[in-house]
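This briefing goes through one protein chain by topic. Please have the sequence and the coordinates open while reading.

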Amino acid sequence: MQPKIVDSSPSAAARTTRTTSTSRRSSWDENEGSASGSDSLLTSSTASLRAPQDKARRSFAGPGPGLLIFPGTAQRHQHNPNGNAGSKTIAKANDGNVAINQPGPTGRSIRSFRRPPLWQPPPQDQGLQEGREETEVLDRPNPRDSHGACLTKVQAFIIEFLQGSSIHGFIYLAKLGLNFVERMLWFAFICVALFSIISLSKRTWHRFQTSPMVISMDRNKLVWNTSFPSLTVCPHKRIDELKVEEYILAHPDQFLSEEDQEDFRDFIVKLASLTYENLETLPLNKSYGIPSYKYLDLLYELKWAFEPEISSGAAVKMFIYETQTEFGICHSVNSLVARYNSFDYWRSGDWSLMDHGDRVTVHPLDGEIYAQIINLSTAYDVYFHGAGDVPSISKQRYTFPESDYTTVELIALEIYTNEEARAFSTKQRSCRFNYEADEMMTVPIYSFGLCLSECRMFFALRVCGCIPHFYRNRLRNGRRLPVCGLEGIGCLVKIKREIISLKSDKYKINCNCLANCDDSNFFVQSYRSRVWFLGANLQWGIVEYPKMQLRRDVLFSFADVLVYIGGLVGFFLGCSALSFTEILYYFTARFVRRMFIN
């Protein structure tokens with residue numbers, strides 16, 4: 001064995017370094033050469049990486065280091081320093097080199113792609129020309145593209161809402177993986193649920209609008225008071241003969257003969273007692289120079305002085321007021337509406353409300369309480385009614401002679417309305433309080449009897465063009481209605497059945513009169529009369545106090561409507577009030593932000 005001589009001089013080290021560098025360069029050149037002959041091994045994935053930027057890569061120049069990592073353990077490198085024989089190199093067409101390292105003795109697998117060449121700016125003239133062309137293309141409006149983009153945004157927005165909505169079933173309309181049949185089935189289910197909600201909600205709302213109240217029975221008689229019966233007395237004698245003689249003497253030109261005077265006496269008496277029931281009894285041959293609008297003034301000028309006295313055992317004093325009714329001049333006791341029909345109130349043109357004080361009430365602990373009218377001095381008709389009502393031609397009347405002392409015993413049935421019902425409309429309550437008189441044209445207060453009287457008045461005006469003289473002919477709006485003369489009364493005779501019953505096959509009659517919310521109904525239980533030498537007297541009262549009272553309460557309030565409809569929506573769609581808030585938010589603020597701001 002010969003000894004190995006090692007040259008450790010600097011020149012020898014330099015030679016060694018150059019030799020090593022030369023061998024490495026030759027190894028890299030061989031790899032490049034082998035890669036340049038392997039263009040056919042370019043895979044489809046490599047081509048797909050090149051396709052989107054073909055145009056831009058034409059201007060790329062110069063190789064640059066880069067790395068695209070595939071599954072496995074990757075390591076950046078520029079060449080194989082060890083020169084392993086197991087490495088292959090694939091050349092990329094018109095690009096740099098791609099080195100794929102097979103597992104060598106070190107046991108590592110590294111795949112790397114060279115990054116495409118860096119972009120180099122094109123020549124100045126060519127760049128300016130291409131920039132102008134691209135700017136012109138971008139600035140040119142394309143309505144079809146903008147409309148399509150808007151529809152795409154709306155579609156994406158709706159899909160986003162359906163996928164994120166808290167309403168059950170909506171998510172399946174936009175969920176991925178469902179076919180057309182499944183989507184249509186879910187759409188049908190949602191439609192059935194919506195139809196059920198709307199149908200049942202309409203029934204609930206109709207019930208709330210028409211019958212939210214219930215009338216119940218209250219038997220706790222020791223805690224409530226009973227209204228004392230009100231009545232209206234209409235005397236048979238209404239014209240003073242002495243005043244008639246004075247009128248005849250004051251107008252000699254209207255009564256040329258004794259026969260005319262006698263006919264006038266009969267005419268004025270029948271005119272004073274004129275009602276719908278006896279319209280045909282009025283002589284229609286001569287008016288004696290009296291215009292129809294003066295009829296009521298003349299009757300009050302010639303009326304007989306009917307001044308009865310009243311006394312009662314009640315704690316509250318009762319008053320008797322003169323009032324004008326469909327039966328002529330009458331007097332009412334314990335009435336809250338009689339004064340609005342007085343002749344003085346009409347003549348003054350007043351429309352203000354008057355203070356009547358409290359209604360007279362009685363209690364079982366008060367015992368038997370009677371009221372009495374004395375000094376009637378004539379036969380009379382009596383109508384019993386509540387304190388907030390007036391006599392009606394459809395109600396029963398009682399007639400008593402002028403020489404009897406009559407005692408009438410009544411029974412009462414009252415109905416009152418809870419204070420909570422005042423928040424409901426009149427249509428929902430099916431009743432009116434006395435202050436709800438917006439539709440009344442002749443009085444500033446509401447009453448069921450007054451409403452029926454106005455309905456008869458306007459029906460007569462529509463058919464005959466005039467109204468009877470016992471109505472107020474001046475309306476609240478200032479309009480004056482014509483009063484029926486002899487010809488008009490002849491027209492009223494033909495339709496008196498329709499006027500009394502307010503039912504007609506020929507004419508449409510719609511009074512829209514509702515009952516009083518607080519009302520009292522009285523029924524005559526018994527009455528007895530005996531001859532009385534001091535003239536006609538009338539005594540009436542409640543002997544047996546009622547043991548029950550009707551009460552109008554709220555059964556179905558607006559809160560119940562919300563609970564019922566909310567239960568339907570939750571049962572069929574599983575949503576709540578916040579779900580509707582979500583819909584409102586999505587299609588207002590979020591929609592505007594998505595479509596116009598972003």
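Val181 is found in helix α6, which covers residues 180–210. The model is a predicted one.

- Is Val181 buried or exposed? Val181 has 55% relative accessibility, and because the cut-off for exposed is over 50%, the residue counts as exposed.
- Val181 belongs to a nonpolar patch on the surface, together with Phe180, Met184, Leu185, Phe187 and Phe189.
- The accessible area of these patch residues together is about 640 Å².
- In soluble globular proteins, nonpolar side chains tend to be buried together.

**Helix α15 and its end at Leu573**

- Helix α15 spans residues 558–573, and Leu573 is found in it.
- With a relative accessible area of 7%, Leu573 is buried, because buried means under 20%.
- Leu573 and Ile190 are 383 residues apart along the chain, and their C-alpha atoms are separated by 7.8 Å.
- Which residues does Leu573 contact, leaving aside its neighbours within four places in sequence? They are Ile167, His168, Ala193, Leu194 and Ile197.

**Nonpolar cores**

- The largest nonpolar core has 42 residues. Phe264, Ile268, Leu271 and Leu492 have the most contacts inside this core.
- Five helices each supply at least two residues of this core: α7 (241–250), α8 (258–272), α9 (295–301), α12 (448–464) and α13 (486–494).
- Another core, of 28 residues, lies apart from the largest one and includes Phe306, Met318, Val362 and Ile373.
- Leaving aside neighbours within four places in sequence, Phe264 is in contact with Val244, Tyr247, Ile248, Phe255, Tyr288 and Ile290.

- Strand β12 runs over residues 380–385, and six of its six residues are buried.
- In a regular strand the side chains alternate between the two faces of the sheet.
- Tyr380, Val382 and Phe384 point one way from β12, while Asp381, Tyr383 and His385 point the other way. All of these residues are buried.
- How many bridges does β12 form with strand β6 (residues 230–235)? The two strands pair in the antiparallel sense over six bridges.
- Within that pairing, Tyr380 in β12 stands opposite Pro235.
- Strand β13 (residues 398–400) also runs antiparallel to β12, and three bridges join them.
- Thr399 in β13 stands opposite Asp381.

**Strand β14 and its partners**

- Strand β14 covers residues 404–417 and is mostly covered, with 11 of its 14 residues buried.
- With strand β17 (residues 519–531), β14 pairs in the antiparallel sense over 12 bridges. Asp519 in β17 is the bridge partner of Ile415.
- With strand β18 (residues 537–542), β14 pairs in the parallel sense over six bridges. Gly541 in β18 is the bridge partner of Glu409.
- With strand β19 (residues 549–554), β14 pairs in the parallel sense over three bridges. Leu550 in β19 is the bridge partner of Ile415.

**Two loop residues with positive phi**

- Most residues other than glycine have a negative phi.
- Asn375 is not a glycine, yet has a positive phi of about 65°. Asn375 lies in the loop between β11 (369–374) and β12.
- The relative accessible area of Asn375 is 41%, so this residue is partly exposed.
- Asn512 is likewise not a glycine and has a positive phi of about 55°. The place of Asn512 is in the loop between α14 (496–501) and β16 (515–516).
- Asn512 has a relative accessible area of 42% and is therefore partly exposed.

**Totals for the chain**

- The chain has 16 helices and 19 strands.
- Of the 598 residues in the chain, 37% are buried.
- What is the accessible surface of the chain? It comes to about 35200 Å², and 56% of this belongs to carbon and sulfur atoms.
- Among contacts between residues at least 6 apart in sequence, 74% join residues at least 24 apart.

How values were computed. Residues numbered from 1 in each chain as written. Predicted model: local features only at pLDDT ≥ 70, side-chain atom pairs only at ≥ 80, totals over all residues. Heavy atoms only, no water. Buried < 20%, exposed > 50% of the residue type's maximum accessible area, 1.4 Å probe, protein only. Helix = DSSP H or I, 4+ residues; strand = E, 2+ residues; numbered from the N terminus. Pairing = 2+ DSSP bridges. Core = buried A, V, L, I, M, F, W, Y, C linked by side-chain atoms within 4.5 Å. Contact = heavy atoms within 4.5 Å. Patch = residues over 30% accessible without salt bridge, like charges linked within 9 Å, V, L, I, M, F, W, Y side chains within 5 Å. Areas by Shrake-Rupley, 256 points an atom, 1.4 Å probe, with all protein chains shown as cover. Salt bridge = Lys/Arg side-chain N within 4 Å of Asp/Glu carboxyl O.
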